[in-house]
Amino acid sequence: MMRTILTMMACLCMMTMQANPVTDMLERIDNGASKKFKVELKKSDKDFFELDQSGNRVVVRGNTWVNIATGVNWYLKYHVGIHLTWNNMKASLPPMLPRVDKRERHETDLTLRYDFNYCTFSYTMAFWDWKRWQTELDWMALHGVNLPLAIVGEECVWRNMLLKLGYTKEEVGQFIAGPAFLAWWEMNNLEGWGGPLPDSWYLQQERLQKQILNRMKEWGMEPVLPGYSGMLPSNAKEKLGVNVADGGKWNGYTRPTFLQPTDERFHEIATLYYKELTALYGKANYYSMDPFHEGGNTVGVDLDASGKAIMREMKQVNPNAVWVIQGWQENPREELIGNLPEGDLLILDLFSECRPKWGIASIFQNDKGFGHHQWLMCLLENFGGNVGLHGRMDQLLSNFDQTKTNPMASHLKGIGFTMEGSENNPIMFELMSELPWFDGNIVKKQWIDHYVKARYGVDDPTLCEAWQILGNSIYNCPMGNNQQGPHESVFCGRPSTNNYQVSSWSKMSNYYDPDDTKRAALLMLSVADKYRGNNNFEYDLVDVVRQALADQGRVQYLQTMADYKSFRRKAFQEDSQRFLEMILAQDKLLGTRTEFRLGRWIESARSLGTTPEEKDLYEWNARVQITTWGNRTCADQGGLRDYAHKEWNGLLKDFYYMRWAAYFKALEDQMEAKSKPDIEKLGNGKYKGLSTDELFRLALEQEVKLDFYAMEEPWTLRHNPYSSVPEGNPVDVAKEVGKSFLMER
C-alpha cells in the first residue's frame with residue numbers, strides 16, 4: 001500500500017515538474033506538438049532564449065516561460081516556415097522537426113514588453129469570451145509579452161465601490177458605460193453611454209477576468225491592474241459632499257468629475273476602491289492610471305499634490321508597485337510626475353513610431369524626455385480598429401536604433417504594443433516583437449524576405465517582390481506624415497464632393513502611389529492558384545486586394561466628382577455606378593474570410609447576452625460603435641462618427657453603399673434640375689418678390705447636403721442577422737475582383 005502511495009506521489013511530482021504553460025500552448029497549436037520539443041527553464045540574470053537540439057527533439061531554453069514561448073515562435077517562423085498570428089493560431093507541424101544544428105541564442109536588456117491600449121478592450125475585445133482570450137494569451141506569450149494591461153471586469157470593482165458609497169443600482173447604471181464603450185469610461189472621458197449593464201454582465205466579466213489573471217500567472221506575466229486616480233461620477237459633489245474639479249466635456253459627452261487630492265475623503269475613497277479591487281482580483285506590482293486624459297480639465301487642480309496622492313494610495317496597497325501611465329498628447333504633465341521618485345513610474349511612449357515624446361524630433365517632442373522616469377517604446381499602429389494596410393517601417397527602425405545611443409533613452413526598459421485595435425497588419429507586430437532580440441540593426445529588405453518565407457512557408461520571389469513593394473510604399477509612412485493609422489477607404493466616408501479622410505482626426509496625407517498596392521495585388525494574384533488552401537496567403541491575398549480596390553476606389557471617386565463638377569451627366573452616371581459596383585465587389589471579397597465579416601462582430605456581441613433584451617443591447621452597442629459612435633450631437637458636432645469605421649462584409653453593402661447611393665442620386669437629381677428651363681416657373685409666381693441678388697444666388701452652385709445621421713441611426717437599431725461563416729472561395733473571388741477593377745480597362 002505504501003509503495004503504491006509513493007509511486008502515485010512520484011508520478012504526481014513528475015507531472016507537476018513536466019506541466020508548464022509552454023507545453024499546454026504547444027498542444028493547443030497542434031495535437032502532439034509538445035512531444036517534439038524539450039523545454040528547459042534556466043535561471044539567468046539576463047532575459048534570453050536559446051534553440052538547441054537533443055536527439056530528435058528541438059530544445060528551447062529560456063529564463064522565463066514567456067521567453068521560452070518567444071523562442072518557440074522564433075523557431076517555428078525561421079526554421080519551419082510556420083507563422084502563428086491572429087488569423088492563424090493553429091498549425092500542422094511536420095512529423096520530424098528541422099534540426100537545430102548550431103545552438104542559437106538571443107538576449108535582451110529590454111525586460112518589459114507591454115501589451116494593449118485601453119481602446120483595444122473596446123474596439124477589438126469588447127465581446128471576447130474565454131476561448132478567444134486563451135488564444136490571445138498564447139499570441140502574447142509567443143510575442144514576448146510579459147506586462148499586459150488587464151482591465152476586464154473593472155466595472156465590477158466600481159459597482160461594488162459605488163454601492164458602498166451610497167449610490168443606488170440605478171445611479172451606478174447611469175454612470176458605467178455599455179460594453180462597447182467601457183474604455184472611454186475607464187479613461188475618464190464619458191459616463192453612462194451604451195448602458196446600463198445588466199447583472200449578468202458583471203458576473204460574466206468577473207469570472208472572465210479571474211480566468212485571464214490565472215493564465216497570466218501561469219505564464220509569469222505581470223498584469224497591470226487599473227488603479228485609482230480620483231475619478232468619480234459627475235454628481236459626486238452633490239451626492240458625496242466632496243471637493244471636486246469639473247471634468248468638462250469630451251466630444252460632446254460629460255466627463256466624470258475629479259476628486260481633489262486635498263479632499264479629506266480622497267484617502268477613504270481610494271482605500272475603498274483598492275479594497276474592492278484586491279478582493280476580486282488580488283494585488284499587482286503594476287497599476288495603470290491616466291488622470292486628465294485627452295484634454296481633461298486641470299483648472300484649480302494641484303497637479304503635484306495629485307501625483308503624490310495617487311502614488312501614495314497605490315503604495316499603501318503594495319509598497320513595491322509601479323504606476324503605469326500613458327504618454328499621449330500633453331500627458332503625463334511634468335507638474336504631475338516631476339517630484340515622483342525614480343523607479344515608481346513607468347511611462348508608455350504611446351506613439352513612438354510616429355510621435356515619440358522621449359526626446360527625438362516629432363510633433364510630440366519633449367526636449368527633456370521623461371527625465372528620471374522609466375519608459376517603454378510603444379507601437380500604436382492602429383486607431384479605431386480601422387481596416388487597412390499601414391506601417392512606418394523605416395521610422396520605427398530608425399527610432400528604435402536611436403534609443404541605443406541617445407543618452408535621453410537611458411531609462412528605456414522595454415517595448416509595448418499600444419494599438420487601439422488589433423488583429424491587423426501582422427507584419428508590423430512581428431517586426432516590433434523581434435526588435436529587442438536582434439543583435440545589431442535590422443536590414444529591412446532582408447527582414448521582409450525572411451518574413452515572407454515564414455509567413456507562407458515558401459521561398460517565392462513573386463511574393464517577396466509583392467511585399468517589397470508594400471514595404472517601400474504603404475508600409476513606409478514617412479516622418480512628417482502624422483496620420484493616425486491606415487489610409488482610410490473612401491468607401492467608408494460620409495459622402496461629399498470633397499471626401500478625403502473618413503474619421504475626424506485621421507490627419508490623412510498621401511504618401512504612396514495607389515498603383516503600388518495594385519501592383520502588389522496583381523503579383524499575388526498571379527501565383528494565387530499555387531497557394532490555394534494556404535491560410536496565411538489567402539488572408540493576405542484578400543487583405544491586399546481589398547487595399548488595392550479601396551485605393552482604386554478613391555481614384556474612381558475623384559473621376560466621378562470631376563464628372564459632376566464638369567457637368568458631364570452621362571459620364572457621371574457611368575462613373576458613379578462603377579464606384580457603387582466597387583463597393584459591392586469589396587463586400588463580396590471580404591465575405592470570403594470570417595475575419596472581415598460584420599457577422600463575426602455581431603454574433604460575438606449577441607452571444608454574451610443571456611436574454612433577448614441583453615442580446616439586443618449588446619448588438620446595439622456593437623453597431624453604434626462602428627458607425628455613429630455617439631448620438632446625433634456627439635456623432636455630428638463631436639466628430640465621433642465613423643471613427644471606428646470598418647471595411648467589413650455586410651457593413652459595406654448595407655451601410656456605406658446606402659449612403660453613397662443616396663448621395664449620388666441627389667447629385668444626379670440636382671444636375672437634372674439644372675438642365676431644365678425655369679422660364680415657366682417665372683409665370684406661376686415661384687420667384688415673385690425675390691430681389692436681383694436673391695435670383696442671382698439661385699443660379700449659383702448649391703451644395704447638396706443630406707441628413708446622414710437620419711439614414712445611419714435606423715441601421716443601428718435593427719436586428720437583421722449577419723453571419724460569420726465565409727461565403728465563396730478567397731482565391732476565386734479575389735481573381736474576379738482583380739479582373740474587373742485592377743486590370744487596365
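A residue counts as buried when its relative accessible area is under 20%. Cys-156 is at 2%, so this residue is buried. The model is a predicted one.

**Cysteines**
- Cys-464 has a relative accessible area of 10%, which means that Cys-464 is buried too.
- A disulfide is a covalent bond that joins the sulfur atoms of two cysteines.
- How many disulfides does a search of the whole structure find? The search finds 0.

**Helix 14**
- Helix 14 spans residues 393-402.
- Which of its residues are buried? They are Met-393, Gln-395, Leu-396, Leu-397, Asn-399 and Phe-400.
- In an α-helix, residues three or four places apart point the same way, because each turn takes 3.6 residues.

**The largest pocket**
- The largest pocket has a volume of about 1,100 Å³.
- Its lining has 39 residues, and the closest to the centre are Trp-86, Arg-132, Glu-423, Glu-595 and Arg-600.
- By type, the lining holds 12 nonpolar, 15 polar and 12 charged residues.
- Helix 2 (21-29), helix 5 (130-142), helix 19 (535-565) and helix 21 (598-607) each give at least two residues to this lining.
- Which helix gives the most to the lining? Helix 5 does, with 5 residues.

Definitions and conventions. Residues numbered from 1 in each chain as written. Predicted model: local features only at pLDDT ≥ 70, side-chain atom pairs only at ≥ 80, totals over all residues. Heavy atoms only, no water. Buried < 20%, exposed > 50% of the residue type's maximum accessible area, 1.4 Å probe, protein only. Helix = DSSP H or I, 4+ residues; strand = E, 2+ residues; numbered from the N terminus. Disulfide = S-S within 2.5 Å. 1 Å grid on protein atoms, 1.4 Å probe; cavity = no way out; pocket = protein on both sides within 12 Å on 5 of 7 lines; lining within 4 Å. Points joined across faces, edges and corners; volume = space filled by probe spheres on them. Nonpolar A, V, L, I, M, F, W, Y, C, P; charged D, E, K, R; others polar.
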